[in-house]
Amino acid sequence: MPPTGLGASYAFRKKFMKGEPCERCTLYYEHNKHVRCPHCGDLDDAAVRRLRHRLEQRKRAAIPLGYLFLLLAGVLLMLMAILAS
């Protein structure tokens, strides 16, 4: 079983989310490999606003799916409890 807690969270971020977030678009990139952000370095301010808006819409679209999975997990847990007794 993998370790959990703050240490595991830090290790995950260090391994998979290398770099720091960009101040303009908030996406992660490695500062030591790129002079400017590869996501928004070539975009003007209006295009960066559209990019951030698109990213926010994707986040909002995922929320109902998360609630659905939570509901399904609850239903399955109740079914398992009923069948186990």
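A salt bridge here is a side-chain nitrogen of Lys or Arg within 4 Å of a carboxyl oxygen of Asp or Glu. By that criterion, the side chains of Arg-60 and Glu-56 form a salt bridge, 3.6 Å from N to O. This is a predicted model, in which local features need pLDDT of at least 70 and side-chain atom pairs count only at pLDDT 80 or more, while totals for chains, interfaces and linings use all residues. Residues are numbered from 1 along each chain as its sequence is written, and side-chain values use heavy atoms, with hydrogens and water left out.

**Whole chain**

Start with the protein chain in cartoon view. There are 2 helices and 2 strands, in the order α-β-β-α along the sequence. Helices (H or I, at least four residues) and strands (E, at least two) are DSSP runs, numbered from the N terminus. Of the 85 residues, 11% count as buried; buried means under 20% relative accessible area, exposed over 50%, and partly exposed in between (1.4 Å probe, protein chains only). Contact means heavy atoms within 4.5 Å. Among contacts with a separation of 6 or more, 18% are between residues 24 or more positions apart.

**Helix H2**

Select residues 45–84, which make up helix H2. The expected span of a helix is 1.5 Å times one less than its number of residues. For the 40 residues of H2 that gives 58 Å, and the end C-alpha atoms are 58 Å apart, so the two agree. Colour Ala-47, Val-48 and Leu-51 next: these are the buried residues of H2.

Return to Arg-60 and Glu-56, which both lie in H2, 4 residues apart, or about one turn of the helix. Arg-60 counts as exposed because its relative accessibility is 57%, whereas Glu-56 is partly exposed at 33%.

**The largest pocket**

On a 1 Å grid over the protein atoms alone, a cavity is a set of points where a 1.4 Å probe fits but cannot get out, and a pocket is an open set with protein on both sides within 12 Å along at least five of seven lines; lining residues have an atom within 4 Å of a point. The volume is about 150 Å³, taken as the space filled by probe spheres set on the points, with grid points joined across faces, edges and corners. By class, the lining has 2 nonpolar, 1 polar and 4 charged residues. Ala, Val, Leu, Ile, Met, Phe, Trp, Tyr, Cys and Pro count as nonpolar, Asp, Glu, Lys and Arg as charged, and the others, Gly among them, as polar.

Now centre on Thr-26, in the loop between strand S1 (20–21) and S2. Thr-26 is not a glycine, yet has a positive phi of about 70°. Most residues other than glycine have a negative phi. Thr-26 is partly exposed, with 42% relative accessibility.

Move to Cys-37, in the loop between strand S2 (28–29) and H2. Cys-37 counts as buried because its relative accessibility is 7%. Leaving aside neighbours within four places in sequence, Cys-37 is in contact with Cys-22, Cys-25 and Tyr-29. Draw a distance from the C-alpha atom of Cys-37 to that of Pro-21, 16 residues apart along the chain: the value is 9.2 Å.

**Further salt bridges**

The structure holds 4 salt bridges. Select Arg-36 and Asp-42, whose side chains meet in one of them, at 2.7 Å from N to O. Arg-36 is exposed at 52% relative accessible area, and Asp-42 is exposed at 68%. Finish with Lys-33 and Glu-30, where the closest N and O atoms of the salt bridge are 3.9 Å apart. Lys-33 is exposed at 61%, whereas Glu-30 is partly exposed at 22%.
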